[in-house]
Amino acid sequence: MKKRALLSVSDKTGAVEFAKQLTELGYEIISTGGTAKALTAAGVHNIGISDITGFPECLDGRVKTLHPAVHAGLLARRDVPEHMAQLQKLGINTIDIVAVNLYPFKQTILKEGTTLEEAIENIDIGGPTMLRSAAKNYRDVCVVVDPADYGEVIARLKNNTLDETFKFGLMYKVFQHTAVYDTMISTYMREKLGIRFPEQITFAYEKKQGMRYGENPQQNAAFYAEALPVAGSLAAAEQLQGKELSYNNINDANGALDLLHEFQDTAAVACKHANPCGVGIGKTVCEAYTTAYACDPVSIFGGIVAVNGTVDAATAEEMTKIFLEIVIAPDFTAEAVEIFKRKPNLRVLKLSSIVAPRMQNAYDMKKVYGGLLLQDRDTTLFDKEDVKVVTKRKPTKDEMRSLEFAYKVVKHAKSNAISLVNGNAAVGVGGGQTNRIWAAEQAIEHAGDRAKGAVLGSDAFFPFSDCVEAAAKAGITAIIQPGGSVRDQESIDACDKYGIAMVFVGQRHFKH
């Protein structure tokens with residue numbers, strides 16, 4: 001039987017040269033539609049698919065390769081005499097190489113204004129079917145879904161090393177590719193239907209970078225980005241300088257970006273181990289940064305800083321006074337870029353979409369051994385109409401602004417968490433404690449003298465009045481918490497005793 005290769009590609013990168021080299025190696029080229037036109041225009045002899053099937057392409061090209069003359073030629077096992085005898089009886093030739101990539105569904109749905117009908121028309125049927133047929137028979141058929149593999153296939157054909165092991169790797173690529181393709185389609189349909197938690201669920205991610213190691217040196221790791229780009233995410237950032245991002249860098253930076261997104265004012269957020277260790281707002285980025293730095297000058301060392309405004313020379317000068325792992329901003333002045341070059345290992349990330357709205361339909365995912373926890377992202381702070389003053393003294397307007405600030409900060413600290421805010425700055429954060437009083441004591445200790453006149457935020461209710469007692473001793477004037485404890489009245493009474501204003505907002509913000 002003749003050696004045959006079938007090429008049917010939406011992405012025509014390298015396809016003409018691949019076909020030319022296959023022709024030189026004695027392969028007869030079969031092609032379809034636009035691929036046939038491209039090959040013919042380049043002077044590469046090819047046979048149209050209709051000449052193989054004996055049936056015209058029909059239904060606007062929806063049906064062209066779905067035919068026994070194609071799939072029998074792909075699926076016939078060369079080591080089974082009965083299969084080969086059947087092919088001969090039916091007058092069907094084998095197909096030995098298949099190069100197929102699929103209709104651009106992803107590119108289609110990313111276009112603004114794409115209709116459901118347009119998306120459906122870009123769901124490939126024949127392509128995945130050919131790929132799966134060829135991949136199933138990988139021992140006899142070389143199937144190529146990635147144009148990057150064309151060169152190696154040709155090289156192996158020339159030196160007779162197109163072996164089973166290599167073709168098995170290509171088979172894997174096919175099923176991985178079609179799985180991602182189908183996942184993007186099902187995700188698109190799921191979102192159209194408004195289904196949040198289906199009986200089965202899949203997600204599509206693409207490898208963005210390998211890593212030297214994971215959370216610890218003994219753990220291998222890689223960073224995967226969502227297959228459909230997400231504005232405002234780390235995957236969308238441009239790295240201007242510095243070492244490659246590590247596993248911990250990405251995890252910590254993500255926490256900084258999440259907290260930064262709570263602020264409309266010019267703000268700076270410093271994070272360490274995904275916990276906020278400094279938050280400040282100001283009239284300028286430089287003021288916001290220096291305010292955030294003052295919150296905890298010890299913990300910010302080796303931390304990550306994210307700001308929501310352009311970093312200028314003055315800010316860069318301040319930032320380079322200490323060791324930081326990462327600086328993230330929507331933009332940097334030319335002078336700031338030059339200043340950062342003094343510290344070549346500092347990772348500088350430009351994220352122009354840093355204030356892009358968070359996707360409302362995004363999931364918060366936590367992998368557990370043997371399973372996956374899915375929930376909606378915690379995208380709200382509290383509803384203003386749910387705010388209830390439960391003490392005799394009401395908070396002043398300034399205190400209320402600071403209380404809201406404190407609640408934004410504590411929302412993004414690991415539970416149990418307490419935050420203290422004084423004016424435009426977080427002055428103390430206690431997070432990740434196994435009881436609430438320890439978190440309060442930690443925050444107060446960090447704040448020192450700045451706790452006097454500060455307000456306190458708690459991510460969950462007070463089970464006892466001990467946190468109020470500690471707050472009163474430190475000179476804290478107002479408290480914000482969700483409320484809901486069976487012993488709420490004890491905390492209310494303690495606040496009234498010390499003249500502390502306290503509000504309940506009804507919305508808890510555990511973060512584990």
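**View A. Arg347 and Glu325 form a salt bridge in this predicted model.** The closest N and O atoms are 2.6 Å apart. Arg347 lies in strand S13 (residues 347–350) and Glu325 in strand S12 (residues 324–329), so the pair ties together parts that are 22 residues apart in sequence. Arg347 counts as buried, at 5% relative accessibility. Glu325 is partly exposed, at 21%.

**View B. Glu404 and Lys384 meet in a salt bridge.** The N to O distance is 3.2 Å. Glu404 sits in helix H15 (residues 397–411), and Lys384 in the loop between strand S15 (371–376) and strand S16 (388–389), so this pair ties together parts 20 residues apart in sequence. Lys384 is exposed, with a relative accessible area of 56%. Glu404 is partly exposed, at 22% relative accessibility.

**View C. Arg156 and Glu152 pair within helix H9.** Their closest N and O atoms are 3.0 Å apart. The helix spans residues 150–159, and the two residues are four apart, about one turn. Glu152 is partly exposed, at 37% relative accessibility. The structure holds 25 salt bridges. Elsewhere, Lys2, Arg4 and Glu28 are linked in a network of salt bridges.

**View D. Asp459 is buried in a loop.** The loop runs between strand S19 (455–458) and helix H17 (466–474). The relative accessible area of Asp459 is 0%. Its side chain makes a polar contact of 2.6 Å with the side chain of Arg436. A polar atom of the Asp459 side chain also lies 3.3 Å from the backbone nitrogen of Ala417. Beyond four places in sequence, Asp459 contacts residues including Tyr407, Val410, Pro482, Arg508, His509 and Phe510.

**View E. Ile328 belongs to the largest nonpolar core.** This core has 44 residues; Val279 and Ile328 have the most contacts inside it. Leaving out residues up to four places away in sequence, Ile328 touches Leu234, Ala253, Leu257, Ile304, Val305, Ala306, Val307, Leu349, Leu351 and Ile354. A second, separate core of 33 residues includes Ile49, Val143, Tyr188 and Ala227.

**View F. A nonpolar patch lies on the surface.** Tyr205, Tyr224, Met365 and Leu372 form the patch, with about 350 Å² of accessible area together. Tyr224 lies in strand S7 (residues 222–226). Tyr224 is partly exposed, with a relative accessible area of 45%.

**View G. Gln200 is an exposed loop residue.** The loop lies between helix H10 (164–193) and strand S6 (205–210). Gln200 has a relative accessible area of 67%. The C-alpha atoms of Gln200 and Leu59 are separated by 33 Å, with the two residues 141 apart along the chain.

Methods. Residues are numbered from 1 along each chain as its sequence is written. This is a predicted model: local features need pLDDT of at least 70, side-chain atom pairs count only at pLDDT 80 or more; totals for chains, interfaces and linings use all residues. Side-chain values use heavy atoms; hydrogens and water are left out. Patches are made of residues with over 30% relative accessible area and no salt bridge: like charges are joined within 9 Å, nonpolar side chains (Val, Leu, Ile, Met, Phe, Trp, Tyr) within 5 Å. Accessible areas come from the Shrake-Rupley method with a 1.4 Å probe; for residues, only the protein chains shown count as cover. A salt bridge is a side-chain nitrogen of Lys or Arg within 4 Å of a carboxyl oxygen of Asp or Glu. Buried means under 20% relative accessible area, exposed over 50%, partly exposed in between (1.4 Å probe, protein chains only). A nonpolar core is a set of buried Ala, Val, Leu, Ile, Met, Phe, Trp, Tyr and Cys residues joined through side-chain atoms within 4.5 Å. Contact means heavy atoms within 4.5 Å. A polar contact is a pair of N or O atoms within 3.5 Å; within protein, one must be able to donate a hydrogen and the other to accept it, and residues adjacent in sequence count only if both atoms are side-chain atoms.
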